[in-house]
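Could you walk me through the fold of this protein?

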Amino acid sequence: MPETEVSFSGRIFSAADLDLIRETLRDFSNLSLTELSKTICELLEWKRPTGKLKYEECRAFLEHLRDQGIVALPGLRATAAPGPRHVVSTSQSDAQAPVTGSAGDFDPLLLHLVQASNSTLNSLFKQYVDRYHYLRYRIPFGAHLRYLVESSQLPGRNLACLQFSSPAWTMAPRDVWIGWNAAQRKRNLQFVVSNSRFLILPWVNVKGLASKILSLATRRLPQDWLALYGYRPLLLETLVDRSRFSGTCYRAANWIHLGATQGRGRMDRNHAAHGQAIKDIFVYPLCRHAREQLRSAEFPIFIDREEPELPL
């Protein structure tokens, strides 16, 4: 049955949008995937608030449509079987000797930005998260940043992984706390960033390390986000599975507990999983009067610059 609409990265694509995508893929089959993504973004007016094309999200969307059998990507039909891509673990991510002590013993901590252009860090990050995080590795939705955490006292030894990506579209406790209406949320949700993965590697048992990493990340992320996406976020959020964790490290890093989710995920439109995976909601304001700014923020005029090409 033909798809009538598809939801991806906070946007709903209609049947007409999907037909336009198929037509573009057919008519411009000689273009690279990046060029196709940019072309489709222009046709669909899929842009960041800065005016830049969301071609990275579009590339991921095209792969998603391919994996679901909705479209065929020119030149890529025989590269892999349909279905999600799996992370292959190597000896690089094998368990290492235990690391113990207190957080102060490992100062200063270093956050290494993980980008697709650095194949070594990119592969290692994916392996660590897929192998040791209970949610495993998933391609993050929308704009995102990833870090590997190292101590200058243990050069070459990674201690933790952090991933920040697109926030939840709606969460009642968060939305009530901010006090915005649907139009304000739609306009300014990009100012909210989700800490979607946080992994202390299982052989690391260092008291106070998690909260120290979170504090360091809250100071580092706004500048990195600005450099990559052209604006500063105003609020961080995260969801903590209360059946597994207490959220102590977020509380210790001064994140604010707002309540709990209803136990549903992004794709649970029919409320089939209601109450099954309740998570505590924590937020961290990145500036003064964050709530007021999230209700009233308007994007300034940005200097136009070419975005770096990132490998798929």
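Here is a short tour, from the whole chain to the sheet and its helices.

## About the model

This is a predicted model, in which local features need pLDDT of at least 70 and side-chain atom pairs count only at pLDDT 80 or more, while totals for chains, interfaces and linings use all residues. Residues are numbered from 1 along each chain as its sequence is written, and side-chain values use heavy atoms, leaving out hydrogens and water.

## The whole chain

The protein chain holds 9 helices and 11 strands; these are DSSP runs, H or I of at least four residues for helices and E of at least two for strands, numbered from the N terminus. Of its 312 residues, 44% are buried (under 20% relative accessible area, 1.4 Å probe, protein chains only).

Among contacts (heavy atoms within 4.5 Å) with a separation of 6 or more, 70% join residues 24 or more positions apart.

## The open sheet

Seven strands form an open sheet with mixed pairing, in the order β4-β5-β6-β7-β9-β11-β10. The edges are β4 (109–114) and β10 (256–260); each has a single partner strand, so one side of each is left without a neighbour in the sheet. Pairing requires at least two DSSP bridges between two strands.

Helix α4 (residues 119–132) lies across β4, β5 (145–151), β6 (158–165) and β7 (192–200), at about 90° to β5. Helix α7 (residues 209–229) lies across β4, β5, β6, β7, β9 (235–241) and β11, at about 40° to β4. Axes are lines fitted to C-alpha atoms, for helices over the stretch in contact, with angles from 0 to 180 degrees between N-to-C directions.

Definitions and conventions. Buried < 20%, exposed > 50% of the residue type's maximum accessible area, 1.4 Å probe, protein only.
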